[in-house]
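Good morning, and thank you for making time for this presentation. I would ask you to keep the sequence and the structure in view while I speak.

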Amino acid sequence: MILAVGWYCAEHSGILGRQGLSYQCSVAPAAAPVLALIDKTVKYFSRMTEESRCCLRAAKLAMTGARWPAPGQEIGLLCAKSEGLLRANEEYFRDYVATGRTLGRGNLFIYTLATSALGEVAIALSLTGPSMFIQADERPLAALVRHGEQMIADGEAGGMLALWSDSSAAVCLAIAAGTGGETLIPLPAGEEPNPLELCRTLQARVQRA
Amino acid sequence: MNVVIAQSDVATAYGWGLDALWNGLLSGATAIRATNRFAERGFTSDQAAIISDLRIGPGESRAWAGLKRILSPIVSKLDPITPVILATTAGEIEYVERAILEQDAALSRQSHPRFLLQRVKGLLGLRGPGLVMSSACASTAAALTRAASMVRGGQAASVLVVTCDSVSEFVYSGFSTLSSLCAGPARPFDRQRAGLTLGEAFGWALVTSGSEGISILGWGNTTDAVHMTAPDRSAAGLSRAIAKSLAMAGRSADDVALIAAHGTATLYSDAMEMVAFRAAMGRPRPVFSVKGGVGHTLAPAGLVQILVAGRALSLGLAPPTVGLSSPDDGAAGWVHGEAAPFAGRLALSTNSGFGGVNTAILLGGGRTS
């Protein structure tokens, strides 16, 4: 089940979390102290890519909404990227060619890994469960939820975070054992919105509530 | 339910097929060679394990050329609704190289792995769900755990895992930049080891329920949460992955007869693995790495060593770790430079990678077709 949602983009950020038996919205300002804490305390925050920073913020917001971690809870991470790795790949190789094609920049190379943002989030938030990039050819966010739920059912983790991101926006779902939560973030049966569109949908929903 | 790798195939620098791989390792000779592909680039190494007879059509990527050939025997042979998981780290990265070198921006977009996934599905006549998976150097191992979970959970009768990574300037320059490459052929677990050698591989595995094949009995996926590129010296993450794989299978460490290690030949990663093996197993048992023979093939690495472990289990013979002459202190008595008979039917396979990822899979012996 989806326990909470956190989202972050340049325009806004927020948390939708489950409170008791019903879902309550935390308006965007509630995210501010969480984000300020991350910005100040996470080592190397400034040298992360913008996508990694978005993912970290969205993950922390989702964990806040889910009230994670529970004592002894092992949390894993899944991600999919609406833009793929094209931007990071081009940035690394263009820089390598421009500097003489003999030596690249390690800090650019490492972000060509599909799981680099997950590694950064795991380190910053001390998450030690599984971490994988899983991009389905159809409905990638729904696929992340399905795999996250299955991994919890398999005993691979006590909770899973599913990140849907691009270079300037990230949405993170906190997935727990059990059923329900579909009303928290209805996923369309057809083509899914990109991360920025989803951020805007969630923000509008919070403002209506 | 017993989940198995019922059918599989692999290509490495030793040649096409598991027999070539197995016989190459048993020969003790490495398939790593000096390459002139990047001679003018001034990298820290000129060594690579390259598939020399790969025929690449005009405009094709090495990955697609390799997959077309390795997948050809199963074209139109699978149930069309079979899900497919493509495990790769760099995929068709040559398109990004060419886009920038030839200043043709449109080429870059072709590097998105969804295009390679669609071509694989089209080639095989598959119209079921498709996934691209990546978990750094544990990509194929992680993909096999997801495939096994999907079969065990009743989401699919069979899942096809396809994997590829080729030796490219993009990746070679990156590892050179990180000072990870050895000047000579990689020597996993050796006292004189000085880094990894990149290799390339293509392969596939059909995961399904049954009794014939390599059994996937249990698995564990973990993250170190310590460092982006360096392994956790305490080996806590890999140790937890091993413990999870044993617990899922309902087995104890005493049941493990053989260990297929990631064994990259980097100083800290090999040492970290031995810390985990010693902590989990207590007494020594045969440990091998294939990377002295076929290099570090990145995403396919997990499948390559699992298929070797399967052959080893069926023959009761642990392959040598090619390039080993004097084991490091932590590896002495565990890793061997020559083939060694052993008794037992279970093998542990482990992979670790950048981002602190770890995967351990407990395998049961059997025959592969």
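I shall go through the contact between the chains, then some strands and helices, and finally a few individual residues.

Please bear in mind throughout that this is a predicted model.

Let me begin with the interface. On the side of chain B, 44 residues are in contact with 43 residues of chain A. Several elements of chain B each supply at least two residues to the side that touches chain A: the helices α3 (94-101), α4 (105-109), α5 (113-124), α6 (139-152), α7 (169-177) and α8, together with the strands β6 (130-134) and β9. Which element gives the largest share of that side of chain B? It is β6(B), with five residues. By class, the side of chain B that touches chain A holds 19 nonpolar, 20 polar and five charged residues.

Strand β6(B) also takes part in pairing between the chains. Four bridges connect it with β5(A), and the two strands run antiparallel. To locate this pairing on your screens, find Q135(A), whose bridge partner in β6(B) is V132(B).

I turn now to strand β7 of chain A, residues 169-175. How many of its seven residues are buried? The count is seven of seven, and the strand is thus described as mostly covered. In a regular strand, side chains alternate between the two faces of the sheet. Both faces of β7(A) are covered. On one side the buried residues are A169(A), V171(A), L173(A) and I175(A), and on the other they are A170(A), C172(A) and A174(A).

Strand β7(A) has antiparallel pairings with two strands of chain A that I wish to point out. With β1 of chain A, residues 2-9, there are seven bridges, and C9(A) has A169(A) as its bridge partner. With β6 of chain A, residues 159-165, there are six bridges, and here M160(A) is partnered by I175(A). A hairpin of three residues leads from β6(A) to β7(A).

Ten of the ten residues of β9(B) are buried. Its pairing with β1 of chain B, residues 3-12, is antiparallel and extends over two bridges, with I5(B) standing opposite I214(B). Eight bridges join β9(B) to β15 of chain B, residues 357-364, again in the antiparallel sense. In that pairing, W219(B) has I361(B) as its bridge partner.

Next, a pair of helices in chain A. The axes of α2(A) and of α5(A), residues 116-125, come within 9 Å and cross at roughly 50°. The two helices are therefore oblique to one another, and their crossing is right-handed. From α2(A), the residues that meet α5(A) are E51(A), S52(A), C55(A), L56(A), A59(A), K60(A) and M63(A). Those they meet in α5(A) are S116(A), A117(A), E120(A), V121(A), A124(A) and L125(A). This contact comprises eight nonpolar, two polar and three charged residues.

Finally, I come to individual positions in loops. W68(A) and P69(A) are joined by a cis peptide bond, with omega about 0°. P69(A) belongs to the loop between α2 (50-66) and β4 (75-81) of chain A.

Two residues have a positive phi although neither is a glycine. For R139(A) the value is about 45°, and this residue lies in the loop between β5 (131-136) and α6 (140-153) of chain A. For A235(B), phi is near 60°, and its loop is the one between β9 (214-223) and α8 (236-249) of chain B. Is each of them buried or partly exposed? R139(A) is partly exposed, because 17 other C-beta atoms lie within 10 Å. A235(B) counts as buried, because it has 24 C-beta neighbours inside 10 Å; the cut-off for buried is 20 or more.

With 31 other C-beta atoms within 10 Å, P300(B) is buried. Leaving aside residues up to four places away in sequence, P300(B) touches T140(B), T163(B), C164(B), D165(B), A201(B), F202(B) and G203(B). The C-alpha atom of P300(B) is separated by 28 Å from that of E40(B), which is 260 residues away along the chain.

Note on methods. Residues numbered from 1 in each chain as written. Chains lettered and ligands numbered in written order. Predicted model: local features only at pLDDT ≥ 70, side-chain atom pairs only at ≥ 80, totals over all residues. Buried ≥ 20, exposed ≤ 12 C-beta atoms within 10 Å, placed from the backbone. Contact = placed C-beta atoms within 7 Å. Nonpolar A, V, L, I, M, F, W, Y, C, P; charged D, E, K, R; others polar. Pairing = 2+ DSSP bridges. Axes fitted to C-alpha atoms, helices over the stretch in contact; angles between N-to-C directions. Parallel < 35°, antiparallel > 145°, perpendicular 65-115°, else oblique. Left-handed = near helix turned anticlockwise from the far one by under 90°.
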